Amino acid sequence: MAGAPDAASLMGNVPFFAGLDEKKRKSIATQGKEISYKAGDKIVEDGSMGVGFYLILDGRAEVRKGSKILATLGKGQFFGEMSLIDEQPRSADVVALSPTRCWALSSWAFASVVKTNPEIPMMMLKEMARRLRSAQSSPTS
Ligand code: CMP
């Protein structure tokens, strides 16, 4: 797939894949595809059914629930995992803040990658715990 080697080498620098060896990274990279977004594009829509998992290769995106900003995500961070894990609608909008390049994985490929690489769910759980703590410590409005 075009772009896969680039994604694989970038993945070596992001925490999500840092624990995997080069061969595994390359194999996983070929299962997804790169998608580019313009500033302002809605990558994920609150309430829609989830079909993809996203890792930011370049750029920045904001997680929004109505008028509330839940988080700003940048290079090496992921989103879209919640819907794929619990098969519920998307929990928030995710909007590109600048030209943003993502590596996207379909829901079925995500399930297979997570099953065959036990390092990935553990890393994802750690990040989800960090996000929960951050949400708990942010003031309610
Ligand atoms: P999902 O529900 O599939 O789609 C919206 C995504 O936004 C969600 O998965 C998470 O990846 C992300 N997200 C939702 N809430 C937060 C939060 N409080 N902090 C960071 N990211 C979040």
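Guide: A term is needed at the outset: a residue is buried when its relative accessible area is under 20%, exposed when that area is over 50%, and partly exposed in between. The model discussed here is a predicted one.

Visitor: Is Lys-65 buried, exposed or partly exposed?

Guide: Lys-65 belongs to strand E4, which spans residues 60–65. Its relative accessible area is 40%. Since that value lies between the limits of 20% and 50%, Lys-65 is partly exposed.

Visitor: Which residues does Lys-65 touch, not counting residues up to four places away in sequence?

Guide: Contact here requires heavy atoms within 4.5 Å. With residues up to four places away in sequence left out, the list for Lys-65 is Asp-46, Leu-70, Ser-91 and Ala-92.

Visitor: What distance separates the C-alpha atoms of Lys-65 and Glu-45?

Guide: Along the chain, Lys-65 and Glu-45 are 20 residues apart.

Visitor: Why are the buried residues of H5 on the same side of the helix?

Guide: Helix H5 covers residues 107–116, and Ala-109, Phe-110 and Val-113 are buried in it. These residues are on the same side of H5 because the arc they cover around the axis is only 105 degrees.

Visitor: Which exposed residues does the face of H5 turned away from its buried side carry?

Guide: The buried side of H5 is covered by elements that include helix H3 (22–29), strand E3 (52–58), helix H4 (81–86), strand E8 (100–106) and helix H6 (119–137). On the face turned away from that side, the exposed residues are Trp-108 and Lys-115.

Visitor: What is the arc within which the buried residues of H3 fall?

Guide: In H3, the buried residues are Arg-25, Ile-28 and Ala-29. They line one face of the helix, because, seen down its axis, they fall within an arc of 100 degrees.

Visitor: What is the separation of the C-alpha atoms of Ser-27 and Ile-69?

Guide: Ser-27 is also found in helix H3. Its relative accessibility is 39%, so it counts as partly exposed. Ser-27 and Ile-69 are 42 residues apart along the chain, and their C-alpha atoms are separated by 35 Å.

Visitor: How many aromatic pairs does the structure hold, and what is the geometry of the pair of Phe-53 and Phe-110?

Guide: The structure holds 3 aromatic pairs. In the pair of Phe-53 and Phe-110, the ring centres are 5.1 Å apart and the planes are at 35 degrees, a geometry classed as tilted. This pair links distant parts of the chain, with Phe-53 in strand E3 and Phe-110 in helix H5, 57 residues apart. Both residues are buried, and the answer is 3 pairs, with this one tilted.

Visitor: How is the pair of Tyr-54 and Phe-79 classed?

Guide: The ring centres of Tyr-54 and Phe-79 are 5.0 Å apart. The pair joins strand E3, which holds Tyr-54, to strand E6 (residues 78–79), which holds Phe-79, across 25 residues. Tyr-54 is buried at 9% relative accessibility, as is Phe-79 at 3%. Planes under 30 degrees apart count as stacked; those of Tyr-54 and Phe-79 are at 10 degrees, so the pair is stacked.

Visitor: Over which ring does the charged end of Arg-131 sit?

Guide: Phe-53, Phe-78 and Phe-110 form one aromatic cluster. The charged end of Arg-131 is 4.6 Å from the centre of a ring in this cluster, that of Phe-78.

Visitor: Which residues is Glu-127 in contact with, leaving aside its neighbours within four places in sequence?

Guide: Glu-127 is in helix H6 and is buried, with a relative accessible area of 14%. Beyond its neighbours within four places in sequence, its contacts are Gln-77 and Phe-78.

Visitor: How far is a polar side-chain atom of Ser-91 from an oxygen atom of the ligand?

Guide: The ligand is surrounded by 14 residues, and the closest are Gly-80, Glu-81, Ser-83, Arg-90 and Ser-91. A polar backbone atom of Gly-80 is 2.9 Å from a ligand oxygen, and a backbone N or O atom of Met-82 is 3.5 Å from a ligand oxygen. For the polar side-chain atom of Ser-91, the distance to a ligand oxygen is 2.7 Å.

Visitor: What is the phi value of Glu-87?

Guide: Glu-87 is in the loop between H4 and strand E7 (93–96), and at 62% relative accessibility it counts as exposed. Most residues other than glycine have a negative phi. Glu-87 has a positive phi, near 55 degrees.

How values were computed:
Residues are numbered from 1 along each chain as its sequence is written. This is a predicted model: local features need pLDDT of at least 70, side-chain atom pairs count only at pLDDT 80 or more; totals for chains, interfaces and linings use all residues. Side-chain values use heavy atoms; hydrogens and water are left out. Buried means under 20% relative accessible area, exposed over 50%, partly exposed in between (1.4 Å probe, protein chains only). Helices (H or I, at least four residues) and strands (E, at least two) are DSSP runs, numbered from the N terminus. The arc is that of the directions from the helix axis to the C-beta atoms. Rings of Phe, Tyr and Trp (its six-membered ring) pair if their centres lie within 6.5 Å; planes under 30 degrees apart count as stacked, over 60 as edge-to-face and the rest as tilted. A charge sits over a ring if NZ of Lys or CZ of Arg is within 6 Å of the ring centre and within 35 degrees of the ring normal. A residue is near a molecule or strand if one of its heavy atoms lies within 4 Å of it. A polar contact is a pair of N or O atoms within 3.5 Å; within protein, one must be able to donate a hydrogen and the other to accept it, and residues adjacent in sequence count only if both atoms are side-chain atoms.
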